[in-house]
Amino acid sequence: MQGRIVKGIAGFYYVDTEDGIFECRAKGIFRNQKVKPLVGDLVELEVLSQEEKEGSVISILPRKSELIRPAVANVDQALVIFALSRPTPNLPLLDRFLIMMKQKAIPTIICFNKSDMVSEEEREHFRQIYRDCGSKLLFISAKKGEGTDAVRDCLRGHMTTVAGPSGVGKSTLINHLVPEAEMETGKISEKADRGKHTTRHSELFRLEKDSYILDTPGFTALEPEAMEKEELRFCFPEFDPYEGSCKFQGCIHDREPGCAVKEAVEDGKISKERYESYISFFRELKERERRRYS
């Protein structure tokens, strides 16, 4: 039987199949091969008890993608949620997430929630900052159900990781999109949580056929993978039209004279906030490099 891992806790893997969710252990062969099943994996399982819905994961099908933080497989897009108010958006954190997804070549949708709590002028402010970042922008109110149909349309046919800091309305949105999510969580936990599992975990919910959303913990601990500081500029799509137009070849858009990117910032063609985020992270990478070689 084949299925998809929707949750993993303390060595148990919960596999969504046509016959329901099976609680499985993984065969020892995975430990020997130093391979660990991940949430999102398509797997083959051996049924041990149809009645008790128990089985063993015997093989992992080839992965389309793999993320390390969070550790999930086969994600083909990301939905990152920030509130426009209470709490106000942490833009450097959002930019880190965009960099991380760009490194993995995973398209990202930026969803600004609680848009009903701010003015149109404030919404336009954030729209202008991210207008050319390469991500689709959505402005919604999950609590009121406003804009959630647009979110559902974006998720259809995809395996989407949903991420965002605490307090932004992520759970409200997930429960709106998947009303049975809380019920399903309780059903799985009844078997999985035996008084010893307290760690937060990634969990996959079926939105509809071939459409899954993955709720991921640990968002504030985001750390893009190692890269050379010279590579960072390629993670900012709004710089692309100006690459090759700078005075110096290989310009890193920091302190070089005749920089087309800096001129575009001054002319309002690239948002000042995104450029400042680039410079901040660039100097962070530069400092890491200095410590590495000192």
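**Helices and strands in this predicted model.** Helices (H or I, at least four residues) and strands (E, at least two) are DSSP runs, numbered from the N terminus. This is a predicted model, in which local features need pLDDT of at least 70 and side-chain atom pairs count only at pLDDT 80 or more, while totals for chains, interfaces and linings use all residues. Residues are numbered from 1 along each chain as its sequence is written, and side-chain values use heavy atoms, with hydrogens and water left out. With that settled, the protein chain shows 8 helices and 13 strands. Of its 294 residues, 49% are buried, where buried means under 20% relative accessible area, exposed over 50% and partly exposed in between (1.4 Å probe, protein chains only).

**Close-up 1: the largest pocket.** Here you can look into a pocket holding about 500 Å³ of space. On a 1 Å grid over the protein atoms alone, a pocket is an open set of points with protein on both sides within 12 Å along at least five of seven lines, whereas a cavity is a set of points where a 1.4 Å probe fits but cannot get out; lining residues have an atom within 4 Å of a point. Grid points are joined across faces, edges and corners, and a volume is the space filled by probe spheres set on the points. The largest pocket is lined by 18 residues, and R4, L42, K209, D210 and Y212 are the closest to its centre. Strand 1 (2-9) and strand 2 (12-17) each give at least two residues to the lining, with the largest share, 3 residues, coming from strand 1.

**Close-up 2: the largest nonpolar core.** A nonpolar core is a set of buried Ala, Val, Leu, Ile, Met, Phe, Trp, Tyr and Cys residues joined through side-chain atoms within 4.5 Å. The largest one has 42 residues, and L94, I110, F112 and Y130 have the most contacts inside it. Helix 2 (residues 91-103) provides the largest share of this core, 7 residues. Take I110 as your landmark: leaving aside neighbours within four places in sequence, I110 is in contact (heavy atoms within 4.5 Å) with residues including V80, L94, L98, Y130 and L138.

**Close-up 3: the buried face of helix 3.** Within helix 3 (residues 120-129), R123, F126 and I129 are buried. Viewed down the helix axis, these buried residues fall within an arc of 120 degrees, so they line one face of helix 3; the arc is that of the directions from the helix axis to the C-beta atoms. They pack against helix 2, strand 9 (108-113), strand 10 (136-139) and helix 8 (272-293).

**Close-up 4: the buried face of helix 5.** The buried residues of helix 5 (residues 170-177) are K170, L173, I174 and L177. Down the axis of helix 5, they fall within an arc of 100 degrees, so they too line one face. An α-helix has 3.6 residues a turn, so residues three or four places apart point the same way.

**Close-up 5: the largest cavity.** This cavity holds about 30 Å³ of space. Its lining consists of Q128, I129, R131, D132, E238, K269, I270 and S271.

Close-up 6: M100 sits in helix 2 and is buried, at 6% relative accessibility. M100 and C235 are 135 residues apart in sequence, yet 8.6 Å apart in space, C-alpha to C-alpha. K104 lies in the loop between helix 2 and strand 9 and is partly exposed, with a relative accessible area of 28%.
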